[in-house]
Amino acid sequence: MLVLTRKLNESIQIGDNIEITVLSVQGDQIKLGIKAPKDIEVHRKEVYMSIQETNNEAASILPNILEILKNTSKNFK
Amino acid sequence: MEICTKYHGVIEAEQKDIVHFQNGIPGFLEEKSFIILKLDAASPFYILQSTETTELGFVIMNSFQFFTTYEFDISDNDKGQLKLESEQDVAVYTILNVKDPFEQSTANLKAPIVLNTKNNEAKQIILNDPRYQTKQRLFPEKAVK
């Protein structure tokens, strides 16, 4: 991992078109500004990971899943 | 073409039935091609089945059928990616995490699947709305007496 030190209002440039700026520092909270092309998706890491985890869990096999769903379908409106 | 499915055996599908996830979905970025199969005629549930990986099938349902007040905006960027032109072309599905008993199942309202029914381009989008969780209970937990 590349490690850089930045001060308030300083930036880093990633490639030609991604720029990350330190906008404010208050205690252990750091506010970052991110400029990136629209097709680059930016997510908080923990949110993205929770989506991955939830997808993995949803894809894992529950052998009796069809039975559960069929029993449910009957009274599910 | 023939597709080996997780729950429906081998089925015959047409090219027009294939749903494309241009960028895959989080956790399965290589999986870009799926088909949506109704669990059975009477069921509100569907299986989002990978056309490449037999074992990969998600249980999904129409988001608004169960969560009647569910709402979100689709960003211009996502609209562009899906080439969405009209609201009428949008279908929204939610991935379920099915538990036994079913009452403990959860729905991923944080990351709905948005489908452009006109061109079958789809994407799992991530919402910033704090009202919606990745594991939202379908039924409120019963109070323990």
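**View 1. Contacts of B:Ile60.** B:Ile60 touches B:Tyr46, B:Leu48, B:Tyr93, B:Thr94, B:Ile95, B:Leu96 and B:Ile113, leaving out residues up to four places away in sequence. Two residues are in contact if their C-beta atoms, placed from the backbone, lie within 7 Å. The model is predicted: local features need pLDDT of at least 70, side-chain atom pairs count only at pLDDT 80 or more, and totals for chains, interfaces and linings use all residues. Residues are numbered from 1 along each chain as its sequence is written, while chains are lettered from A and ligands numbered from 1 in the order in which they are written.

**View 2. The largest nonpolar core.** This core has 35 residues. B:Phe58, B:Val59, B:Ile60, B:Leu96 and B:Ile113 have the most contacts inside it. Chain A contributes through helix 1 (45-59) and helix 2 (65-74), each with at least two residues. On the chain B side, strand 3 (18-21), strand 4 (33-38), strand 5 (45-50), strand 6 (57-62), strand 7 (90-97) and strand 9 (113-116) each supply at least two as well. Strand 6 of chain B gives the most, four residues. A nonpolar core is a set of buried Ala, Val, Leu, Ile, Met, Phe, Trp, Tyr and Cys residues joined through C-beta atoms within 7 Å. A residue is buried if 20 or more other C-beta atoms lie within 10 Å of its own, exposed if 12 or fewer, and partly exposed in between; C-beta atoms are placed from the backbone. Helices (H or I, at least four residues) and strands (E, at least two) are DSSP runs, numbered from the N terminus.

**View 3. B:Val59 in strand 6.** B:Val59 is found in strand 6 of chain B. It is buried, with 24 other C-beta atoms within 10 Å. Its contacts, apart from neighbours within four places in sequence, are A:Ile65, A:Leu69, B:Phe45, B:Ile47, B:Leu96 and B:Val98. B:Ser105 is 46 residues away along the chain, and its C-alpha atom is separated from that of B:Val59 by 11 Å.

**View 4. Helix 1 of chain A.** This helix has 15 residues and reaches 21 Å from first C-alpha to last. That is close to the 21 Å expected at 1.5 Å a residue, where the expected span is 1.5 Å times one less than the number of residues. The buried residues of helix 1 of chain A are A:Ile51, A:Thr54, A:Asn55, A:Ala58 and A:Ala59. They cover an arc of only 130° around the axis, so they sit on the same side of the helix. The arc is that of the directions from the helix axis to the C-beta atoms. Strand 6 and strand 7 of chain B are among what covers these buried residues. The face turned away from the buried side carries the exposed residues A:Lys45, A:Glu46 and A:Asn56.

**View 5. Where chain B touches chain A.** Here 26 residues of chain B are in contact with 23 residues of chain A. Strand 6 and strand 7 of chain B each supply at least two residues of the chain B side. Strand 7 of chain B has the largest share, three residues. The chain B side divides into 17 nonpolar, six polar and three charged residues. Ala, Val, Leu, Ile, Met, Phe, Trp, Tyr, Cys and Pro count as nonpolar, Asp, Glu, Lys and Arg as charged, and the others, Gly among them, as polar.

**View 6. Backbone details.** A cis peptide bond joins B:Asp100 and B:Pro101, with omega about 5°. B:Pro101 lies in the loop between strand 7 and strand 8 (106-107) of chain B. B:Asn120 is not a glycine, yet has a positive phi of about 60°. B:Asn120 is placed in the loop between strand 9 and strand 10 (121-124) of chain B. It counts as partly exposed, with 18 C-beta neighbours inside 10 Å. A:Asn9, also not a glycine, has a positive phi of about 70°. A:Asn9 lies in the segment before strand 1 (11-14) of chain A. With 10 C-beta neighbours inside 10 Å, A:Asn9 counts as exposed.

View 7. Chain B has two helices and eleven strands. Buried residues make up 34% of its 145 residues. Chain A has two helices and three strands, in the order β-β-β-α-α. Its radius of gyration is 22 Å, well over the 11 Å that the globule rule gives for 77 residues, so chain A is more spread out than a compact globule. The radius is taken over C-alpha atoms; the rule is 2.2 Å times the number of residues to the power 0.38. In chain A, buried residues make up 9% of the 77.
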